[in-house]
Amino acid sequence: MSEGYARENELVSEESNYYDRALDTSVALSVVGFLLGLVTLVDAVGLATSGAALNSLFLTLLVLGVGGVATVGLFSALGVVPMTSQRVRGVGVGLLVGLILLAVVSAPMGTGLNLATLLGLLLVGQGLVIGAAGVVSRLGVVRNEPASSAGLLAGGAFGVVGLLIGGALAATLFGGTLTWVVALAAGVGLFVLTVFPREDVSSTAPAALLLVTLGTTVATAVVGVGWEWDPQTLQGGFTGGVVVPLFTLFGSMVSGWAAAKSRAGFGARGRQYGAFLLINLNALLMVAAMVSIVFFVASQGVTYAFHGFRIGALTALVLLSPLLVGTLSWARSPAGTDEWHSAARQLFRVLPLAALGALAAGLLSVVVTGDAIEIPFVYDVLQNRELVPTDTTVRVTPELTVGTLLVVVPGTVVFAYFLRKYGSLSGVGSELPNQRTLQRALGLAMGSTVLLTLALAVLGETPFGLPVAGTLGLAAVYAGTLAAATLAVAALLGLFVGEGSPAERAHERAQAVKVGLFGALGLLAAVVFLQPAAGMNPSVGPANLVPAVGVLAAVAALAVALVTALARRSVAPDEPADRLRRRVVGEETTLGLAAAAGFLTIAALHVAVTGADFTLLGVTIGYTGTLSWPMVMSPYIPLGPEPGGILPAVVGTVWLVVGASLFAVPLGVGAAVFLTEYAEQGKFTALVEVATNALWSTPSVVFGLFGAAFLIPRLGESEGLLIGMLVLGFMLLPLVLITSREAVKAVPDEYRDASAALGVNQWQTIRSVVLPAALPGVITGVILGVGRIAGETAPLILVLGSTLNETEAIDVFGSFQFTAQPPFVYNGALLEATAALPTQVWAVITAGVSGSPSMGWASAFVLLTVVLGFYAIGILTRTYFRRKLDHE
Amino acid sequence: MADGLTGRIREGIVGRIQALVAFVTALPGRVVGFLASLPGRVWRFLVRLPGEVRHALVVLKRALVGAEPTPGDIALGAASSVTLLLTLVTFLGPNDLVAYPLGGFLLTMVVGWRAKQARTAKIITFVATVGTVVTVGFITYYLFSSAWPAVEKWGSGLAAVPTGGSGEVRWFFWLEGVLPQVGLPSGWNPAGGTYSLLPTIWATVVVTAVALLVAGPLGIFGALFIAEVASDRVREVVKPAVEVLAGIPSIVYGFLGFSVLNSFVQTSFLDQQASFLIAGTVVGVMALPTVVSVGEDALSSVPRAMNDGAIAMGATEWQTMKSISIPAALSGLSAAIILGLGRAVGETMAVAAIMAAGQGIPEPLYDIFGQSATLTSRIATSYGDATDNTLEVLFLAGVILFVIVALMSVLAQYIENRMQRNLQGER
């Protein structure tokens with residue numbers, strides 16, 4: 001153990017061993033004291049805690065400390081996380097010693113020992129240790145490298161502190177003019193003590209004095225639990241509940257600083273250790289503040305937000321599917337030597353997949369056994385101005401129905417993901433007979449179907465009295481679906497025709513797979529939208545034709561993926577020719593998976609456009625699904641047994657964000673391109689910069705005033721959605737402009753030069769070189785900006801006109817009207833007042849006793865989730881693109 | 001040893017005092033010098049004006065039709081600028097006609113895109129740029145023009161010093177000798193035609209001061225942590241965390257303050273009401289991310305070579321930080337604090353939610369346990385049921401906010417630019 005306490009270069013004496021141990025313990029206890037100060041300040045633990053409760057508190061702390069230190073120690077001993085720093089080891093051991101000490105002291109030995117007294121004792125003890133350290137160092141018992149003074153900065157700080165504390169003490173003890181004399185004396189005294197003696201004394205003596213003074217006042221209950229100071233001149237005062245934690249926080253910072261400085265032997269190194277300890281404590285404070293704010297809002301709002309939540313297990317599985325695909329690709333990324341370090345990383349890559357897999361298995365078991373999972377809990381509902389606890393449950397039901405939207409959205413995501421991964425199969429394998437003609441015919445068929453759909457939609461089902469829909473439409477639907485089915489099945493069968501190994505056949509028939517799957521997708525997608533326009537829905541037997549073909553084609557596509565994946569396994573990865581084959585067959589697998597997701601999405605789209613449910617083998621894709629989330633999916637229900645939710649606010653926020661982005665993103669990106677690519681740096685760009693900065697810094701409420709003064713008189717004479725959109729758009733504009741400009745600027749000039757050298761003109765260069773390269777930065781900026789305006793409240797309360805407890809969500813899609821007079825297109829919904837998430841929270845505050853606090857918390861929780869979701873996505877995209885850029 | 005030490009300390013203190021005295025004594029001279037040079041500056045500006053205008057026209061021409069326009073370019077540029085101007089005019093005036101010129105502009109753009117894509121793209125980006133400037137112009141103009149009637153109507157009454165209940169004049173930095181007095185502690189009574197903004201301005205000052213005490217030290221320390229102390233991996237976690245802290249909507253802070261902190265104040269601070277202390281602390285936490293991220297930028301922009309030089313001389317990291325990074329980035333750090341203050345001044349919802357019932361002026365002025373509406377929360381809370389007279393005064397409050405915050409932003413920008421120039425000069 002002795003080498004553990006050696007200095008960098010020399011073995012040191014027994015005394016300095018004790019010296020270091022004591023100071024390490026002091027540093028560790030300072031951190032503990034800092035945390036205790038925080039915890040008591042927010043009243044998570046009462047200062048009056050005493051007896052068995054106090055003892056159990058410190059035993060808990062001890063257990064946590066032992067657990068933490070032991071885990072790190074274990075891994076350090078195994079060589080996974082080598083802890084080479086003597087100081088870190090020392091602080092770990094010191095933490096254990098300190099916590100054991102605290103637990104022993106807090107054991108109910110006597111009466112009247114509460115947490116406040118204990119904190120006071122802690123400060124006094126720290127003061128004594130630090131004072132002793134200073135004396136030992138000054139006497140030369142341990143070898144340190146003190147400078148001649150602790151410096152003016154520390155002196156000034158201690159002087160100010162002395163002034164304040166001396167003044168406060170004197171004011172409570174004597175009062176009158178004597179206060180000022182004592183305060184001044186204390187301030188000057190501490191300043192002199194810190195500046196003039198040698199550094200080891202001047203850093204420890206004032207700190208020790210201060211700590212003993214603070215500690216004594218707290219320990220002797222001069223400033224204790226029941227203490228109050230209520231100056232008559234002010235409207236408020238101070239209580240022990242605030243002052244004792246503040247003393248503890250401050251004292252811990254001082255003791256940590258002094259102990260760390262002494263531990264590192266004063267001098268330049270000591271100052272560094274002391275300063276870094278304070279900076280780290282400050283960072284800890286900030287992160288703790290952020291985490292506790294988010295967790296607090298979540299804990300307050302989560303019960304109300306999830307009241308009556310119900311979801312079918314199958315629906316949940318479908319919703320999980322994109323995440324499963326995502327975690328799968330995350331886990332596929334290469335990792336793996338047998339070192340500990342990379343093993344941990346590999347685990348980290350696989351862990352999300354394992355967790356999701358477990359969740360999916362649990363959901364499947366619900367489907368198989370038919371037993372619902374129910375989690376009952378209680379939440380508060382406001383009735384007659386009183387909060388009434390109400391029972392509710394979160395349920396996962398074994399229903400086999402999935403809502404159409406909940407298939408379409410994840411299906412599209414998965415489809416897009418695989419399509420992006422899919423590269424190209426052009427020119428691979430042998431061409432089909434008449435492939436050109438076939439492709440042209442397929443394109444023609446899709447085009448004419450779309451035209452027919454448009455014609456029927458505009459002219460009605462029987463234009464000019466001709467039963468076009470009945471004959472032509474029906475024929476088109478039948479022909480299209482049959483052709484699609486044939487193509488999909490042909491793509492599959494092609495893999496089995498011909499000679500050679502499965503992989504060779506798959507390579508040879510690549511064109512069949514490509515044309516078959518893409519053709520079937522296109523035809524089926526065109527036919528789906530023809531159906532509602534033609535007003536019919538043909539069936540085969542008990543099932544509708546289109547979704548039946550969709551499912552059949554999905555099965556065929558999955559089979560293609562399976563067969564090619566199996567074929568790919570049999571190809572040796574080493575031969576150059578085989579490597580190409582592996583690649584090609586792999587592409588076919590990806591295409592098969594993409595097509596399967598696409599076909600299922602089309603089947604669900606069929607349900608959405610025709611409104612007829614589709615059932616196969618007990619599984620139903622339903623027009624109405626099995627997800628019920630009252631908080632987000634239903635409006636306020638007056639006088640109901642359950643209060644409903646805030647659907648109007650959710651819809652309002654969605655439209656506000658969409659409108660603001662439509663306004664601000666083109667304008668901002670356009671201006672950024674002009675400023676960086678076209679404009680010469682000069683007065684004009686300077687003017688634009690000033691204008692952008694002015695927009696950026698303008699307080700949000702001023703935008704609201706502007707909207708009220710300028711936009712309301714010109715757009716409908718009343719508060720409404722459109723004005724909210726524009727006002728938020730004005731706020732989003734500088735955010736988008738600044739980030740886009742940075743992104744466009746960051747594109748290296750080599751790109752532009754290379755493009756220009758090829759004879760490409762300026763605009764073509766911007767369009768095909770600069771903008772794609774800048775796109776990641778622009779997207780990140782837009783996402784972060786949108787996150788910011790989504791939570792903006794102040795301008796909206798001036799221009800949106802929202803009220804508490806709206807019962808109807810705004811319907812923008814359904815309100816378009818075409819008129820003969822200007823402005824030709826008219827949308828009444830845009831001019832109506834609506835709610836938004838932030839104004840919903842504000843409405844609860846202004847409603848006073850008739851605003852339900854539980855609903856306010858839940859709305860704040862939903863708002864926070866939305867905004868932080870935008871931020872998380874924005875930050876993740878940025879990190880992703882940065883990593884990618886670094887790899888390149 | 002002691003000799004050298006006291007000598008150094010004396011030198012340090014004396015040097016700093018001398019610098020301060022020199023700065024203060026030079027100040028009147030500088031102001032006079034600036035005023036004296038003003039006519040010359042104006043004259044030079046006037047002389048240069050025609051040239052500037054001609055230059056601006058050239059820029060405009062180049063943006064709209066290009067340096068050597070073909071007839072098609074001219075047609076496109078003329079059509080787009082005429083339709084756009086008409087759109088603007090009709091939007092400001094008879095705005096039911098706005099659809100015609102707007103449609104014309106869109107049509108021009110569609111035709112242009114088919115025929116001359118490069119030209120049209122340039123015009124579109126130019127229009128977007130001008131649109132941004134015009135937006136700022138509109139905001140400024142409409143704020144000022146909506147606020148002007150209030151100044152005309154109420155004049156100096158808008159800054160009346162409120163007197164106490166018994167009629168004694170309140171001390172207000174000797175301004176009470178100049179300004180009119182009004183017999184209302186709040187200075188705000190729309191029904192009686194009393195609209196003093198002085199209490200709200202003072203409340204803004206107090207809240208901002210408390211916020212500064214919270215955000216200043218914590219923010220600078222946080223910036224130091226991220227820029228200099230943290231390892232790369234820790235930085236990758238803490239930096240986004242600070243960004244997320246900036247993302248928490250102000251209304252969420254407000255709701256927290258409204259439902260939790262206010263009762264905390266009543267038990268822990270013996271205060272029967274909401275207070276500047278709590279509002280200021282919350283606003284300080286909200287301004288913190290701004291200070292941290294701008295400060296961090298400033299610290300990171302100190303050239304690596306300067307730090308490396310210090311390390312190579314054998315200095316510790318803290319010594320490098322203290323004597324190289326912080327002094328070099330000092331102006332950037334002060335810009336960070338100024339920007340943070342700008343955020344604090346403009347913060348609305350947290351203050352409005354916490355001090356919703358705020359009226360009056362604290363007694364005594366430094367009573368941080370008092371409560372009163374700030375400029376922003378006055379606008380937010382009084383707007384709903386405001387009469388025309390009140391509205392005009394609220395617009396004036398908006399103008400004051402706009403000007404203060406814009407000045408702060410310009411100042412911060414100036415300081416930052418100067419720092420960048422200095423650092424580049426040293427590079």
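Which residues does I354(B) touch, not counting residues up to four places away in sequence? The legends below take this and other views of a predicted model in turn.

**View 1. Surroundings of I354(B) in the predicted model.** I354(B) touches G254(B), G257(B), F258(B), L261(B) and N262(B), and also A274(B), I278(B), A279(B) and V282(B). Residues up to four places away in sequence are left out of this list.

**View 2. The largest nonpolar core.** This core has 275 residues, and A279(B) and I354(B) are those with the most contacts inside it. Its largest share, 17 residues, comes from helix α20 of chain A, which covers residues 647-678. In soluble globular proteins, nonpolar side chains tend to be buried together.

**View 3. The side of chain A that touches chain B.** Chain A gives 87 residues to the contact, and chain B gives 85 residues. On the side of chain A, the largest share is 16 residues from helix α9, residues 267-305. The residues on this side of chain A divide into 58 nonpolar, 23 polar and six charged.

**View 4. V45(A) in a loop of chain A.** The loop that holds V45(A) lies between α1 (14-41) and α2 (51-78). Is V45(A) buried or partly exposed? V45(A) is partly exposed, because 15 other C-beta atoms lie within 10 Å, while a buried residue would need 20 or more. V45(A) touches V39(A), T40(A), L57(A) and L115(A), again not counting residues up to four places away in sequence. F529(A) is 484 residues from V45(A) along the chain, and the C-alpha atoms of the two are separated by 63 Å.

View 5. Where pLDDT is low, the predicted coordinates should not be read in detail. Chain A averages a pLDDT of 80, and 91% of the residues score at least 70.

**View 6. Domains of chain B.** Chain B is divided into domain 1 (2-142), domain 2 (160-194) and domain 3 (197-426). The C-alpha centres of domain 1 and domain 3 of chain B lie 29 Å apart.

Notes:
Residues numbered from 1 in each chain as written. Chains lettered and ligands numbered in written order. Contact = placed C-beta atoms within 7 Å. Helix = DSSP H or I, 4+ residues; strand = E, 2+ residues; numbered from the N terminus. Nonpolar A, V, L, I, M, F, W, Y, C, P; charged D, E, K, R; others polar. Core = buried A, V, L, I, M, F, W, Y, C linked by C-beta atoms within 7 Å. Buried ≥ 20, exposed ≤ 12 C-beta atoms within 10 Å, placed from the backbone. pLDDT = per-residue confidence, 0-100. Domains from an automatic or database assignment.
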